[in-house]
Amino acid sequence: MGKMNVNLCGIELDNPVIPASGTFGFGYEFAELYDINILGTFSFKGTTKDPRFGNPTPRIAECTAGMINAVGLQNPGVDKVIGEELPKLAKCFHKKVMANVSGFSVDDYVYTCAKLDACDQVGWIEVNVSCPNVHGGGMSFGTSPEAAAEVTREVKMVTTKPIIIKLSPNVTDIVSIASACENAGADGISLINTLLGMRIDLKKRKPVIANTMGGFSGSAIFPVAVRMVYQVAGAVSVPVVGMGGVSDAEDVIEMMLAGATAVQVGAANLVNPYACRDIIHSLPVAMEKYGIKSLNEIIGGVR
């Protein structure tokens, strides 16, 4: 069997497969279905300083080869995540977990990251400057190199763990934003978050979702994600975590050839809760098919 282990920002993973934030809850829900310790790690539900109810319903719209969601970062707030959710997770997941953080101001990001940095369970902090379905935060930081760099710098001042900045594809030049984050001290870059999408109900002549627009994800966005991962990985020296429409083992290999060190799986988990488990089980077969002895050897293999 080929070697599937990779090293992400100094922490060894048994394999590169990571369920993406917002599609895997806080993990223990999926632990009722299978042993989630098979995962490389996972990025838990996006966490903010204060509790959020999220956006009004309906929040989901179906699309060809994908979906649009506008959940709006619904979460119990960082204190409850630390006090209630992480202890539940510790009972079923025995690896370091990736914390995903969103904010509506630089101070929000700093506060939440500092709190999660103190948690032993947390291995990495994924700072989301890319959420397309909340107002006044998230993506507004991720569409400007200067704003993304400011968040990165301030968060790095209060943390000791690897900081991975999650970028939006809804920009003209993603490379300049990734480079600005690296220069500001980011230990890694993850991309892409969802594209901005919309559906209209023909009978009602109204947007399908209450928020009008939301994040478009699913296999339809995979080619865009591969392109952006390729561009960013060629421009930065820190590890890249690739995501966007990944649904099988061959997609994982393609992302890694484009330059990803690890690969997140998002919408596929919502269609099939066993998606990540199945991808991990089928990776050795795909590696053998393409003559890959070690996944480390193929990272950035296309240039």
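This is a predicted model: local features need pLDDT of at least 70, side-chain atom pairs count only at pLDDT 80 or more; totals for chains, interfaces and linings use all residues.
Which residues does Ser217 touch, not counting residues up to four places away in sequence?

View 1. Ser217 lies in strand S13, which spans residues 214-217, and, leaving aside residues up to four places away in sequence, Ser217 touches Ala65, Gly66, Met67, Thr194 and Ala267. With a relative accessible area of 11%, Ser217 counts as buried, because buried means under 20% relative accessible area. Gly197 is 20 residues from Ser217 along the chain, and the C-alpha atoms of the two residues are separated by 8.9 Å.

**View 2. Strand S15 and the directions of its residues.** In strand S15, formed by residues 262-265, Ala262 and Gln264 point one way whereas Val263 and Val265 point the other way, and all of these residues are buried.

**View 3. Strands paired with S15.** Strand S3 (residues 17-19) runs parallel to S15 and is joined to it by 3 bridges, with Val17 standing opposite Val263. Strand S14 (residues 240-242) is also parallel to S15, the two being joined by 2 bridges, and here Val241 has Ala262 as its bridge partner. Between S14 and S15 the chain passes through helix H8 (residues 249-258), giving a β-α-β crossover that is right-handed.

**View 4. Confidence along the chain and the stretch of residues 132-137.** The mean pLDDT of the protein chain is 94, and 97% of its residues reach 70 or more. Over residues 132-137, however, the pLDDT is below 50, although this stretch has 23 contacts in the model beyond near neighbours in sequence.

Technical notes. Residues are numbered from 1 along each chain as its sequence is written. Side-chain values use heavy atoms; hydrogens and water are left out. Buried means under 20% relative accessible area, exposed over 50%, partly exposed in between (1.4 Å probe, protein chains only). Helices (H or I, at least four residues) and strands (E, at least two) are DSSP runs, numbered from the N terminus. Two strands pair if DSSP finds at least two bridges between them. A crossover is right-handed if, with the strands pointing away from the viewer, the path from the first strand over the helix to the second runs clockwise. pLDDT is the predictor's confidence in each residue, from 0 to 100. Contact means heavy atoms within 4.5 Å.
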